[in-house]
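Open the model in your viewer and keep the selection tool at hand. Each stop below tells you what to pick and what you will find there.

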Amino acid sequence: MKPNTQESSTVLPPAARWALASLSLSTLMPSLDTSIANAGLPALAQALNASFQQAQWIVLAYLLAITTLIVSVGRLGDLLGRRRLLLAGIVLFSAASLLCGMAPTLGLLIAARAAQGLGAAIMLALTVAMLGEAVPRGKAGSAMGLLGTMSAIGTTLGPSLGGLLIDGLGWRAIFLVNVPLGMINFALARRYLPADCQADKAERVGFDHLGTLWLALTLAAYALAMTMGRGYFGALNIGLLLAAVGGAILFIWVESRAASPLVRLAMFRVPALSASLTMSALVSTVIMSTLVVGPFYLSRALELGTAWVGLVLSAGPLVSACSGVPAGRLVDRFGTQRMSLAGLAGMAGGTLLLSMLPTSLGVAGYIGPIMITTASYALFQAANNTAIMASAGAGPRGVVSGMLSLSRNLGLITGAAAMGAVFAAASASDGGGMASAQAVASGMRTTFAVAAGLIAAALVIATASQALARRRLAARGG
């Protein structure tokens, strides 16, 4: 996509600014609630007299609801109206947050978290889909960068805010904080988001219930296979993974015969879309490896205390949060194709440095490459997301946005399991006890060498996709 300098120089009108504020809140709230609940798990387990494995379902129920339903709610937005469904999602998320804060038992809390995850899925799927309707085309990159910043801020702020709220007001406050935010967001969305266009009856032919069911079951099986067992991949995990493979095959079969499919398989014949979704999953897998490997490397190889580990780990999300808006402006100025390649090249360099730098460089040898990696990630995300949504037609924009969020979630889930397994295998100690500092450092180098290989694969995909697009454009011109 070529940058439009005339449109990029325009200033957002007040209504568009307030609409963007609402979409930003719709990104911040679900991101905040993922990390804020993680920080509160020990307090929740103690307060509800639950084991750690039982308390984990407070997080899993939320993540599973988002992962399994995000494509379906994107499709519903296309059929029923994105603004209408987004308003319903904000109300559901806020009401479920209130129920979480009032839940007397673990079971009711988990059920309320699942409902909260449904609201979060609606918000995450439709914010990106509505961005093109809420802001001028020339500002799409900057707006996409802002949403990336809000996501990073939510993830970064969650643990510290959760700790403060639990210490001062108790564990229920980490959920109740969403209620006033939801009220503000609902008021902004209702007042400033553009009204839904009236779709033709031919376009509103129905909802694919069977495809939705199969996709939800398939994604649930895959997510559980990757998250259950706390690092041990046993018979249950293998069974769930095989079920996910079988479910994917059945889903493709169902969609190929559906009159109004949830996901039109012909969409994946568009090389640019398939390439962008694949790159999003690969990049998210790599980003998750920094969160999995980082704490072990800092505490065991560099022997930092808990407070210092937390401080150093915050460097990456902080850089990502600060880079989002500048990255979006670069996309508006130089175009999505060049900035996608630049972001991937920066990530390749950062992960390669992490795989080569010895422990003798200390904390600086970790922070420097992490800052390069996360800043480049923000640039790639702004460019890739903008390109995907610009290429999506007005009709399926909701389902495309849902698939984009799904590709990111699947990458994060896969990264936590697969990259964690690579690190565990590479840093295993010969004596069977806790890995030595040298073994942990070796495991980190191996993990990020694999990560650099994944980014190199994404670079190959991006280059091939852009070359194919240029050939097709030249053929049409000829």
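Start with the largest nonpolar core of this predicted model. It holds 48 residues. Select Leu 23, Ile 70, Val 71, Leu 86, Leu 131 and Val 400, which touch the most other members. Now colour helix 6, residues 106-134. Helix 6 gives the most to this core, with 11 residues.

Go back to Val 71 and show its contacts. Which residues does Val 71 touch, leaving out those up to four places away in sequence? They are Leu 215, Leu 262, Val 263, Val 399, Gly 402, Met 403 and Leu 406.

Next, the charged pair. How many salt bridges does the structure hold? One. Select Asp 33 and Arg 113 to see it. Their closest N and O atoms are 2.8 Å apart. Asp 33 sits in helix 2 (residues 14-39) and Arg 113 in helix 6, so the pair ties together parts 80 residues apart in sequence. Are these two residues buried or exposed? Both Asp 33 and Arg 113 are buried.

Last stop: helix 15, residues 336-356. It has 21 residues. From first C-alpha to last it reaches 30 Å, close to the 30 Å expected at 1.5 Å a residue. Now highlight its buried residues. Among them are Thr 336, Met 339, Ser 340, Gly 343, Leu 344, Gly 346 and Met 347. Further along, Ala 348, Gly 350, Thr 351, Leu 354 and Ser 355 are buried too.

Definitions and conventions: Residues numbered from 1 in each chain as written. Predicted model: local features only at pLDDT ≥ 70, side-chain atom pairs only at ≥ 80, totals over all residues. Heavy atoms only, no water. Core = buried A, V, L, I, M, F, W, Y, C linked by side-chain atoms within 4.5 Å. Buried < 20%, exposed > 50% of the residue type's maximum accessible area, 1.4 Å probe, protein only. Helix = DSSP H or I, 4+ residues; strand = E, 2+ residues; numbered from the N terminus. Contact = heavy atoms within 4.5 Å. Salt bridge = Lys/Arg side-chain N within 4 Å of Asp/Glu carboxyl O. Expected span 1.5 Å × (residues − 1).
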